[in-house]
Amino acid sequence: MLDTQVTKAPPSLLYMVKQVELVVRSHLDELVRPSGITALQYTALTVLERHDGLSAAQLARDSFVTAQSIADLVRSLENRGLVCRERNPRNRRELLILLTDAGRELLARHEGPVRELEERMVRDLTPRQAQQFRQALSRAWHALS
């Protein structure tokens with residue numbers, strides 16, 4: 001008699017990472033929607049919070065969007081008063097994107113709910129496992145960058 005049970009391979013890590021990304025983005029969109037921004041715009045604001053005064057190209061790279069789409073994203077944030085653009089004093093042809101006080105206030109309003117989302121994501125992990133998860137994600141990103 002033939003064994004008809006087929007062992008299914010587990011989903012690939014790439015698939016699982018994409019699943020996590022999509023569910024995080026969905027929840028993040030829900031959290032920031034009342035402020036009139038998207039998860040992608042929120043991500044760009046958090047990048048500027050850590051590294052203020054970036055060029056559009058650098059902001060695009062650090063925000064995981066294309067150079068083409070960053071222009072619309074920045075324009076929208078600028079129209080809302082959340083960022084501003086200033087000439088780079090070292091290279092007058094380059095514009096730097098800076099977080100405004102209104103942008104910082106928006107980030108402060110969402111700090112708690114976003115932290116709760118992150119905590120929810122790792123709530124079934126021990127603190128050590130959560131730290132290892134963070135380190136593993138960082139190493140995976142560096143390996144591919």
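Axes here are lines fitted to C-alpha atoms, for helices over the stretch in contact, and angles run from 0 to 180 degrees between N-to-C directions. Helices are DSSP runs (H or I, at least four residues), as are strands (E, at least two), numbered from the N terminus. This is a predicted model, in which local features need pLDDT of at least 70, side-chain atom pairs count only at pLDDT 80 or more, and totals for chains, interfaces and linings use all residues. Residues are numbered from 1 along each chain as its sequence is written, and side-chain values use heavy atoms, leaving out hydrogens and water.

**Helix 1 with helix 5**
- Helix 1 (residues 13-32) packs against helix 5 (residues 101-121) at about 155°, and their axes are 11 Å apart.
- That makes the pair roughly antiparallel (angles over 145 degrees).
- Contact (heavy atoms within 4.5 Å) involves V20, V24, H27, L28, L31 and V32 from helix 1, and H110, P113, V114, L117, R120 and M121 from helix 5.
- These residues comprise 9 nonpolar, 2 polar and 1 charged.

**Helix 2 with helix 4**
- The axes of helix 2 (residues 39-50) and helix 4 (residues 67-79) come within 11 Å and cross at roughly 80°.
- The two are therefore roughly perpendicular (65 to 115 degrees).
- On the helix 2 side, L40, Q41, A44 and L45 meet L73, S76 and L77 of helix 4.

**Annotated region**
- An unreviewed UniProt entry carries the annotation "domain: HTH marR-type" for residues 10-142.
- Over residues 10-142, the chain is 68% helix and 11% strand, with the end C-alpha atoms 24 Å apart.

Key: Parallel < 35°, antiparallel > 145°, perpendicular 65-115°, else oblique. Nonpolar A, V, L, I, M, F, W, Y, C, P; charged D, E, K, R; others polar. UniProt positions renumbered as here; feature names shortened; annotations may be inferred.
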